[in-house]
Structure formats: C-alpha cells, structure tokens
Amino acid sequence: GLARAPWLETATPSRGLRISAPPQPRRLRQSLPPLQNDPGDALLQVVQVAGEAVTSFATIDPPEGLVQRLTRSVLTAQSRSWWTDPELTARGGSYATSAEDAALEELEKISVVADEQITMTSREADVPLAISNDTDYPVRIRIQLVSPNLSFATDVIEATFAPGVERLPQAVSATARTSGIFSLRIDTQTPDGEITFGSTRITIRSTEFNRIALGLTFGALIFLILFYVAKAVRRRRGPAKQAKNHAADA
C-alpha cells in the first residue's frame, strides 16, 4: 500500500543516493542573530543563581518532592514566554527567586549548638558540639572548623542529623597552639561546600601554656633567691675566715 501511494516514489538505495541533493560543506556561524525580546542579563543571572542554590540544597538529602517543586519553579522562570513584556519578565524572575528563598529558608532551620566560651586547662581538649535540626527530615551537612590558634585531627566533619538536637557522631578534639583567649568559628555548609548557611563563634580560653610559663617564672625566681642567699653567706664567711687565719698566725 505504501508503494502505491501517489505522493511517494520508491527507489533502491543506490538510486536514492544518485538522485539525492549533493552534500554541502558545514560552515560555523561567527555570530548569532540577536534574541527577540531579549530579557537582559539580570533575569538570566537570577535564574542561574537560583538554579545553583537549589542544586546545592539538594545535596543535604531533602525530600524528593521538595526538590522537584523548587526545580520546577526554576525551570518555569526560564520560559521564553516571559520575555514578551517587562512585567511578565519580572514575574518570571520571581519564580526563580522564590525557589532560592525557599531553599535558604530550609537551610536556616539548621544550626550549631555550642557553649559561648570554653576553657582549655590542657593543650588538648574536646569541644562539645551539637546540631539543631528544625526540619521534619534528616539532613546531611558539612561542618567547617576555622581557628588560627587551634589544630584539629580533622577540620571538616560531614554527617547526617535527624530532626531535633543531636550531638556530633565524633568528638571534636582540639589542640591549642598558644595560650590566651581566641575564637573558634564553626561554619555549617551544604555537603558540596557551595552554600555557608550558618556561622557560630566560640571564645576559647587556653590556660595550659600560662601554667607552664608561671612554673618557669617561679623556678627562675627561686633560683635567683637561692643564688643571692648563697652569695651573701659566702660574703659573711669571708671576713670571719680571714680573722680566724690572722689569729692562728699570731
């Protein structure tokens, strides 16, 4: 039936190649024609930032339905249907910004729980930390420890935390490099490290080196006291010994 169709002409493969149009060399365009109703870089930048925020938010393992809803909003903002009118363009951009705001709002429900001040009585001590998760689903986050006066076995911790308040699965062991008072900054980030959605500062007071310095100071003071006492005794014994020698000579 297909062979008998009046609008088709059957041919063998070899004949089809002979009667086909000759091949044309491909040419690359050096420039593209301008877009009709170009929305400008502002909208494209908003869509790009929102897309990156949603992608990074997805790495904390939120519910799949939530990620799909935010992704659809970003895709809706990319539609060229918004480009016909400035008001519609702004409305299309609002879909992207709403998705970014929703992702950041979810991340703000996660925070670090820690004492405002910690005293280290030895060079090494554990820094007690916990994570408060006010979402209704488990989240996987990255914790970055930053302090020029402390060293850690690992300064990056990545773990999953259930809803509520939960301590870190492993203790944060810190070693003080110097004595005194300094700060420890704890950044909470998405697992890919693209978004830092929380930062907590703890004041660390290290007294171990102060004790060592105090012991050395007292040791030096005692040495000086004994040195001058011994010197005074020798001075007193000198004249008495000379007088005794004169008496013996007489």
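D61 lies in the loop that joins helix 2 (41-57) to helix 3 (64-77); helices here are DSSP runs of H or I with at least four residues, numbered from the N terminus. D61 is not a glycine, yet its phi is positive, about 65°. Most residues other than glycine have a negative phi.

The model is predicted, so local features need pLDDT of at least 70 and side-chain atom pairs count only at pLDDT 80 or more, while totals for chains, interfaces and linings use all residues. Residues are numbered from 1 along each chain as its sequence is written, and side-chain values use heavy atoms, without hydrogens and water.

Helix 3 has 14 residues and spans 20 Å from its first C-alpha to its last, close to the expected 20 Å (1.5 Å times one less than the number of residues). Its residues are listed by exposure below; buried means under 20% relative accessible area and exposed over 50%, with a 1.4 Å probe and protein chains only.

| Group in helix 3 | Residues |
|---|---|
| Buried | L66, V67, L70, S73, V74, A77 |
| Exposed, on the face turned away from the buried side | E64, L75 |

L2 is found in the segment before helix 1 (13-19). L2 counts as exposed because its relative accessibility is 65%.

Notes. Helix = DSSP H or I, 4+ residues; strand = E, 2+ residues; numbered from the N terminus.
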